[in-house]
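Here is a short report on one protein chain. Start with the view below.

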Amino acid sequence: SDDSRADANETRTSEAQVVRELLGEMADEFVEVLRREPSTRSEQDIAVLMTLLPNIKLFANLPKSVLEAVARTARYARKEPQQSKVPGVSEKIILSQQGDHDVSTLFVILSGNVAVTRL
């Protein structure tokens, strides 16, 4: 529907604003690099990420070796919401579920709220 497309566009705009607030003029290039498959990134792509990651408070004090590992493996992903069965919650996005095998994933939420539940 037109309302759901408008909501999705508003969310993308909100996410873009958050990234721009964190990284300024380089925000678009940062997201562009993160959207590339990590195995296809050039050394220049890694350099862009290595330059910008320390500007994000979460990564500011990490050693260079950790920043490089993040730069070589991080991905930008946007998950689409699903209808929620939880009273008072209209939509949900499941990032991970109990039993998922990749427990080394860190999610950085750019906009919205998060709840951790156990089923």
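Which residues are exposed on the other side of H4? They are Ser65 and Thr73. Exposed means over 50% relative accessible area, buried under 20%, partly exposed in between (1.4 Å probe, protein chains only).

This is a predicted model: local features need pLDDT of at least 70, side-chain atom pairs count only at pLDDT 80 or more, and totals for chains, interfaces and linings use all residues. Residues are numbered from 1 along each chain as its sequence is written, and side-chain values use heavy atoms, without hydrogens and water.

**Helix H4**

H4 spans residues 64-73, and its buried residues are Leu67, Val70 and Ala71. They lie on the same side of H4 because their arc around the axis is only 100 degrees, taken from the directions from the helix axis to the C-beta atoms. These buried residues pack against helix H3 (43-52). Contact means heavy atoms within 4.5 Å.

**Whole chain**

The elements run α-α-α-α-β-β from the N terminus. Helices (H or I, at least four residues) and strands (E, at least two) are DSSP runs, numbered from the N terminus.

| Property of the protein chain | Value |
|---|---|
| Buried residues | 21% of the 119 residues |
| Contacts joining residues at least 24 apart, among those between residues at least 6 apart in sequence | 42% |

**Val108**

Val108 sits in the segment after strand S2 (91-92). Val108 counts as partly exposed because its relative accessibility is 48%.
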